[in-house]
Amino acid sequence: MDHHHGTQQHSFGAFTAWRALAALSIVLFHYDVAGFSRPTWFGVSMFFAMSGFLLAWHHAPQMAERSLRRAFVLTHVPRLYFINWLALLLLLPLGALAHARWLLPDALLLQAWLPWHNAAFSGNSVAWFLSALVPCYCAFPLLARAVAAAPWRLCLLAVAAMAALQCALVQWVGGDAAYTFPLSRIQDFALGVVLCRLARTRRTAGKATLWQLLAVAIVTVAMAVSWLWPERLAGYDSVALWWPPAAAVLMAFSLDGGLPAKLMAHCAPLQWVGAMSMEVYALQCVAPQLWNRVLAPVAAHFGWTAAYSRYALPSVALLLALAWAVRKWITAPLWRKLSMRHD
């Protein structure tokens, strides 16, 4: 989800739009809107892989220096803890912390490592994502150096090996557990780092429009396969199935030009949501609780008796307003100060 500007200029506006689509699909799935389970699984894999890709694009050249490696970790990891603590503080007065007895692991972002379902989805139940992202950020400096030094053919072999390990994890820990397990998600992240290395070796961006349309087609086919034959995929539909479409999107939409990328980069609503995708993701449990516990009773009192059952749309509106306010007045200024401190 990180997209800081680096020395090599590239706007990656289409990636911002993809983040928006992924975040909105995840939110709508969690708000019980039918038909968003497959886009959600794809979106989660995309978030991890895109984070690895963008961090490698903007920061990999700096990882040769030890001081910069330390600064990277000290700049990025605290952000995950802060946004999680903010969500917990907002949920606490609403009396809406899920499985509160696991609050300490949740506050320490250790919940994704625990082998119990209620532990992984405790407190701010979507924060397992942040828990799995912490080791990704910590491993990034060494991972980026290793990938940068490797020949591109070895990078391809590494992707094949990671895909095999990903499938093995599904069999070892089960599909549901593999979905949140950090060792599974760090491979999504590593996939993005490797794909960035391969993207830098391209000599030309020719036929960008064709490649981007093909990537969208691959995403569509993967979702159709997941929907048609879920029983045959046996857990792979939540993790490993999404590597080919995620890789296709990252490689195709990182090309300069291309009509689909230009349209997405110039879609203001998607750019707006995508720019605050971390806040949208981390705070999505707050909005429906705020609606159901505070605002819905008022709406029901004035005659809207369906205020509780039809909570998705008002909750999305509340979430976007909350994410915008938090980013504008809290997280963005804090991130700037944190970055300046370690420059």
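This is a predicted model: local features need pLDDT of at least 70, side-chain atom pairs count only at pLDDT 80 or more; totals for chains, interfaces and linings use all residues.
Cys 167 is in no disulfide either, and the nearest cysteine sulfur to it, in Cys 136, is 18 Å away. Cys 167 is partly exposed, at 30% relative accessible area. Overall, the structure holds zero disulfides.

Turning to helix packing, helix 1 spans residues 13-30 and helix 2 spans residues 37-59. Their axes are 8 Å apart, and the two helices pack at an angle of about 140 degrees. The crossing of helix 1 past helix 2 is left-handed. On the helix 1 side, the contact involves Phe 15, Trp 18, Arg 19, Ala 22, Ala 23, Ser 25, Ile 26 and Phe 29. Across from them, helix 2 brings in a set of residues including Pro 39, Phe 42, Val 44, Met 46, Phe 47, Met 50, Phe 53 and Leu 54. Sorted by class, this contact has 14 nonpolar residues, four polar ones and one charged one.

Helix 1 also meets helix 14, which covers residues 268-275. Here the axes come within 7 Å and cross at roughly 75 degrees, so helix 1 is roughly perpendicular to helix 14. From helix 1, the contact takes in Gly 13, Thr 16, Ala 17, Arg 19, Ala 20, Leu 21 and Leu 24, while helix 14 supplies Leu 270, Gln 271, Val 273, Gly 274 and Ala 275. By class, that comes to seven nonpolar, four polar and one charged residues. Arg 19 turns up in the contact with helix 2 and again in the contact with helix 14.

Setting aside neighbours within four places in sequence, Leu 28 is in contact with Val 33, Phe 36 and Val 316. Leu 109 lies 81 residues from Leu 28 along the chain, and the C-alpha atoms of the two leucines are separated by 24 Å.

Key. Residues are numbered from 1 along each chain as its sequence is written. Side-chain values use heavy atoms; hydrogens and water are left out. Axes are lines fitted to C-alpha atoms, for helices over the stretch in contact, and angles run from 0 to 180 degrees between N-to-C directions. Helices (H or I, at least four residues) and strands (E, at least two) are DSSP runs, numbered from the N terminus. A crossing is left-handed if the near helix is turned anticlockwise from the far one by less than a right angle, and right-handed if clockwise. Contact means heavy atoms within 4.5 Å. Ala, Val, Leu, Ile, Met, Phe, Trp, Tyr, Cys and Pro count as nonpolar, Asp, Glu, Lys and Arg as charged, and the others, Gly among them, as polar. A disulfide is a pair of cysteine sulfur atoms within 2.5 Å. Buried means under 20% relative accessible area, exposed over 50%, partly exposed in between (1.4 Å probe, protein chains only). Angles under 35 degrees count as roughly parallel, over 145 as roughly antiparallel, 65 to 115 as roughly perpendicular and the rest as oblique.
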